[in-house]
Amino acid sequence: MNDEQNTQNTNANHEGVHKYITFKLGGEEYGIELLKLRELIGVLEITRIPRSRPYIRGLINLRGKVIPVVDLRTKFGMTAAEPTSQSVIIVVQLATPSGSVTTGILVDEVLEVRAIRQADIAPAPALHDQVDTSFLQGIGKVDKRIVFLLDIDRILSAGQQAEIRAAAEMDFSLTGR
């Protein structure tokens, strides 16, 4: 059994039900495996990193720990939006080739923890070279709605993960916060 199958089995109970934290970006609904979730926090002051990629929103100081924040809207090519009172930072643990890194994912609104049966998860569509869907674990069918189930470890390329790791290792005292 490979690591991906092992992770899926850990997230599923004996009836083949997987649990996801679901959230909104624009009008679309997404889900991340509950096991990847570290915590949910309201939007804190985010310190922009000069000359960083647009999807790297910046850094937050979470109880003395520097955590980079990725703006998922921007990463997915959506129109950028200022955080609202509904916006949330989902703190996750990303698995990278050089080890794990704690990262914040800025989303428009967290909806709920949702149990989705394996039978209600379709494979990610194969759109050939037109659209990269490698970051999708599958498509959940929930109450006549579609939920894009994300493989959080694949949203960022290896190079982008290295940028996030470098941001996490920055000396926060240099930012004046």
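Which side chain meets Arg 145 in a salt bridge? The partner is Asp 143, at 3.9 Å from N to O. By salt bridge I mean a side-chain nitrogen of Lys or Arg within 4 Å of a carboxyl oxygen of Asp or Glu.

Before going on, some notes on the source. This is a predicted model, where local features need pLDDT of at least 70, side-chain atom pairs count only at pLDDT 80 or more, and totals for chains, interfaces and linings use all residues. Residues are numbered from 1 along each chain as its sequence is written, and side-chain values use heavy atoms, with hydrogens and water left out.

Back to that pair. Asp 143 counts as exposed at 57% relative accessibility, while Arg 145, at 33%, counts as partly exposed. The cut-offs are under 20% relative accessible area for buried, over 50% for exposed, and partly exposed in between, with a 1.4 Å probe and protein chains only. Both residues belong to a network of salt bridges with shared partners, which also takes in Glu 29, Glu 112 and Arg 114.

The count of salt bridges comes to 11. One of them joins Glu 82 to Arg 57, at 3.7 Å from N to O. Glu 82 is in the loop between helix 2 and strand 6, Arg 57 is in strand 4, and they are 25 residues apart. Helices (H or I, at least four residues) and strands (E, at least two) are DSSP runs, numbered from the N terminus. Glu 82 is exposed at 64%, whereas Arg 57 is buried at 18%.

An open sheet is formed by 6 strands in the order 8-1-2-11-10-9, with mixed pairing. Two strands pair if DSSP finds at least two bridges between them. Strand 8 (109-117) and strand 9 (121-122) are at the edges with a single partner strand each, so one side of each has no neighbour in the sheet. Strands 10 and 11 run antiparallel and are joined by 6 bridges; Gly 140, for example, has Val 147 in strand 11 as its bridge partner.

Now the aromatic rings. Rings of Phe, Tyr and Trp (its six-membered ring) pair if their centres lie within 6.5 Å; planes under 30 degrees apart are stacked, over 60 edge-to-face, and the rest tilted. The whole structure has 4 such pairs. Tyr 30 and Phe 76 form a tilted one, 5.6 Å centre to centre with 35° between the planes. Tyr 30 is buried at 5%, and Phe 76 is partly exposed at 22%. Tyr 30 also forms a tilted pair with Phe 148, at 5.5 Å and 35°. Tyr 30 is in strand 2 and Phe 148 in strand 11, so this pair ties together parts 118 residues apart in sequence. Ring pairs link both of these partners and Tyr 30 with Phe 23 and Phe 135 in a cluster.

Last, the interior. A nonpolar core is a set of buried Ala, Val, Leu, Ile, Met, Phe, Trp, Tyr and Cys residues joined through side-chain atoms within 4.5 Å. The largest has 30 residues, and those with the most contacts inside it are Phe 23, Leu 72, Ile 105, Val 107 and Leu 150. Strand 6 gives the largest share of this core, 4 residues. A second, separate core has 8 residues, among them Ile 41 and Leu 106.
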